[in-house]
Amino acid sequence: MATQSHNNYTITNVTYSVAGGSNVYTSHQTAVLTITPDAGYSVTAEDFSWANTTLANVNTVVFTQDGVNVICTVTFDNPFTMPTSNTTLSLCINGAAVRQRFSLRGYYQAAGSNTNMSIVQDCPVPQEISYQVSGVAGNEVSIIEKTYTAASGYFFIAPFSIAYTGDQMDESNYYCIETKTFDSSQRLTSINLKFYYTFPSENIFNDKIVVTVPATELAYVVSNKIRNYTFLEGNSVVGSSGCVKTVRFYGNPTATFTLATSNGSILDIGEISTDGLDTTVFYATTPTLTIPASGYFDIKIYIPAAGSATTYTFTLAGGNLVSPFPQPNPFYIYQKPNVVLTFSASGANMVVSTVAPSQTGFLKSFTANSEPASQTDDSAIIPYHFSVTGDTGQVLSIDDQTTETFGTWSNLIDVDDQLTSAITNTLILPVNDATNITSGMRVICPLITSDNIYTVASKSGNNVTVTGGPNLTLPNLANFSFSNRSGSELELPISVVLDEAATTATITGPGSIQRYGDTNKTFNLDLTSVLSIGSTNVCGKYTVSAGTRGGSFIYFDCITGEKRQIVLNKGDISFAICALASPAPSGSGTITVVNNNAVCAKTASTQLDCITWSIVYNRLDAKAKSVEVTYVDCVTLEEETINVGIGATATTQCGTRQVPISSDPGDGGAIITQAWDGSNPCT
């Protein structure tokens with residue numbers, strides 16, 4: 001069986017050595033040949049068959065698939081007596097390799113509205129279908145053919161748009177033949193799209209062809225009208241630096257109109273003055289303008305820089321507007337300076353005593369309708385810091401944390417809802433539950449692609465009326481969000497920490513801003529969603545006794561709320577001290593603490609609250625000219641500081657039992673001792 005190459009494949013040979021006169025079947029029941037395709041070709045077992053079935057000494061020939069190859073298994077007769085000379089068995093095989101085929105799988109989507117269209121079979125709008133074809137590399141095949149036709153008397157107001165997308169998309173492999181039909185006024189009334197594909201040397205999956213079918217419009221015959229307008233540079237919002245906006249007005253050729261504004265001469269119709277200086281002429285009200293053969297006229301609007309919010313009003317007139325007009329008239333351009341976002345905190349019976357950088361709130365300012373360059377920029381980080389106490393010194397507690405971002409901020413949470421029925425050409429939205437939807441909320445819907453900003457105007461029951469753009473046509477169950485953020489996107493996580501006395505809560509961020517909207521907004525943290533407030537933490541009077549061995553006494557300062565400790569020795573006389581009721585004062589060793597059930601009055605401390613301290617700075621190795629000594633005044637309970645010079649005569653100071661503290665320049669500071677033997681307390 002000799003190796004052969006033909007029909008774009010190669011088949012291997014098999015040679016056996018068998019003694020003459022012996023039975024070949026005994027030692028070699030089968031011969032296995034491999035059919036290998038040439039480069040760019042493929043072989044399939046079902047494509048091959050045995051032709052010379054009467055070949056002597058061969059019983060069966062079977063073809064099976066083995067990956068890209070085909071295995072040909074030849075079974076010999078039993079018996080097959082080997083002649084005394086070399087013998088060649090030549091198989092006759094029908095079959096050939098074929099060019100390798102590749103697959104294309106993708107999706108076709110027709111987007112748009114079927115209003116005033118004559119739907120051709122298998123060409124509905126909207127539509128999404130899959131397509132799958134196969135072919136050899138370099139070959140072109142037809143994959144999809146669609147026809148879209150406007151209803152009688154209507155035409156398409158804009159060209160059809162074709163977009164090619166997908167992870168493996170190579171747009172150069174696609175080719176579309178567009179056959180268009182026009183009416184007598186050269187308006188597009190029908191289009192046939194035939195898509196062809198040229199196969200590369202690989203399989204392609206998840207390509208997508210999106211055809212946007214434009215809206216249709218009734219072909220006006222009797223009168224020429226102005227039909228619509230659009231902003232060519234995005235939406236109708238500009239920043240404080242100003243810009244040039246181009247508005248394109250659509251209409252029948254020869255239709256006339258004017259545009260006027262109450263904001264001064266800012267309209268440019270593209271005419272050059274005749275003063276010889278080629279100076280552009282600006283208008284507050286344009287002269288009568290005529291739509292040219294192109295079907296549209298562009299007017300540039302020059303918005304100057306401004307430091308405050310300004311609304312520019314434009315009125316389209318001239319008597320030739322279609323009725324009803326599909327867009328707002330007059331229309332507006334809104335100039336928004338830098339947006340200021342304010343972050344504050346408040347709660348019933350709570351005092352925000354420290355807010356950085358001011359007492360009223362933390363401010364962030366940035367260009368309207370823009371995003372910080374990165375989330376590490378200062379414009380993106382909100383380092384708010386709130387210090388909260390009860391209005392009468394009450395004890396605070398932290399509520400349970402239920403989510404990663406906790407606490408209730410005003411204007412932060414959206415109201416999610418959906419339509420309960422489809423709507424057609426209206427600005428009234430029937431929703432499931434309008435309870436938390438309020439006037440002025442921004443309307444967000446993924447199905448609304450217009451650059452207009454829709455806001456809530458009013459509601460009646462669960463019917464919400466919006467304003468800000470043309471009427472809407474949307475399907476049942478369309479999803480909506482209603483937001484009070486005016487386009488700002490941000491996250492406001494908080495961390496809450498209580499001090500040891502549980503009377504002061506520190507609330508910190510940082511928060512982050514992903515995008516600034518177009519309106520100043522305040523986000524106020526409702527402290528009652530984070531903290532619970534207890535009873536008043538009274539500053540009371542307590543009697544402290546040393547007992548038989550003395551010990552230490554711990555209490556919390558009435559003024560600062562800080563924990564303080566006093567060490568008492570055996571025999572020290574009892575004394576009174578002012579301390580917060582919570583956490584309760586406590587003693588160790590033989591110290592006893594008795595609550596006098598009296599409120600401390602800063603101006604009426606008893607003499608027992610006071611003690612005389614002897615203070616002197618006479619270090620031999622003194623390293624400073626003076627040191628500062630801080631003590632607690634026994635009347636005001638405030639910390640006071642005095643300076644003690646080096647080598648000066650010992651001075652005495654009247655203070656509470658809290659041991660005064662000296663600054664230490666490295667030599668130990670002042671030497672402080674009690675100067676009271678219990679017989680003459682200071683006042």
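These legends walk through several close-up views of a predicted model. Residues are numbered from 1 along each chain as its sequence is written, and side-chain values use heavy atoms, with hydrogens and water left out. Because this is a predicted model, local features need pLDDT of at least 70 and side-chain atom pairs count only at pLDDT 80 or more, while totals for chains, interfaces and linings use all residues.

View 1. Y9 lies in strand β2 (residues 9-11) and F48 in the loop between β4 (41-42) and β5 (49-50), so the pair ties together parts 39 residues apart in sequence. Strands (E, at least two residues) and helices (H or I, at least four) are DSSP runs, numbered from the N terminus. Is Y9 buried or exposed? Y9 is buried, and so is F48; buried means under 20% relative accessible area, exposed over 50%, and partly exposed in between (1.4 Å probe, protein chains only).

**View 2. Arginines over rings: R99 with Y41 and R187 with F155.** R99 lies over the face of Y41, 5.9 Å from the ring centre. R187 does likewise with F155, at 5.0 Å. To count, NZ of Lys or CZ of Arg must be within 6 Å of the ring centre and within 35 degrees of the ring normal.

**View 3. Inside the largest nonpolar core.** A nonpolar core is a set of buried Ala, Val, Leu, Ile, Met, Phe, Trp, Tyr and Cys residues joined through side-chain atoms within 4.5 Å. Of the 29 residues here, L104, Y108, I143, Y148, Y174, F195 and I209 touch the most other members. Strand β17 (188-198) gives the most to this core, with five residues. Zoom in on I143: leaving aside neighbours within four places in sequence, I143 is in contact (heavy atoms within 4.5 Å) with L104, Y131, V133, Y174, F195, Y196, Y197 and I209.

**View 4. E217 and its partner R227.** E217 is found in strand β19 (residues 216-218) and, at 16% relative accessibility, counts as buried. What does the side chain of E217 make a polar contact with? It reaches the side chain of R227, at 2.4 Å. (A polar contact is a pair of N or O atoms within 3.5 Å; within protein, one must be able to donate a hydrogen and the other to accept it, and residues adjacent in sequence count only if both atoms are side-chain atoms.) Beyond four places in sequence, the contacts of E217 are G153, Y154, F155, I157 and R227.

View 5. Seven bridges join β58 (residues 626-632) to β59, and V627 has V644 as its bridge partner in β59. A polar contact of 2.5 Å joins the side chains of Y617 and D667.

Technical notes:
Two strands pair if DSSP finds at least two bridges between them.
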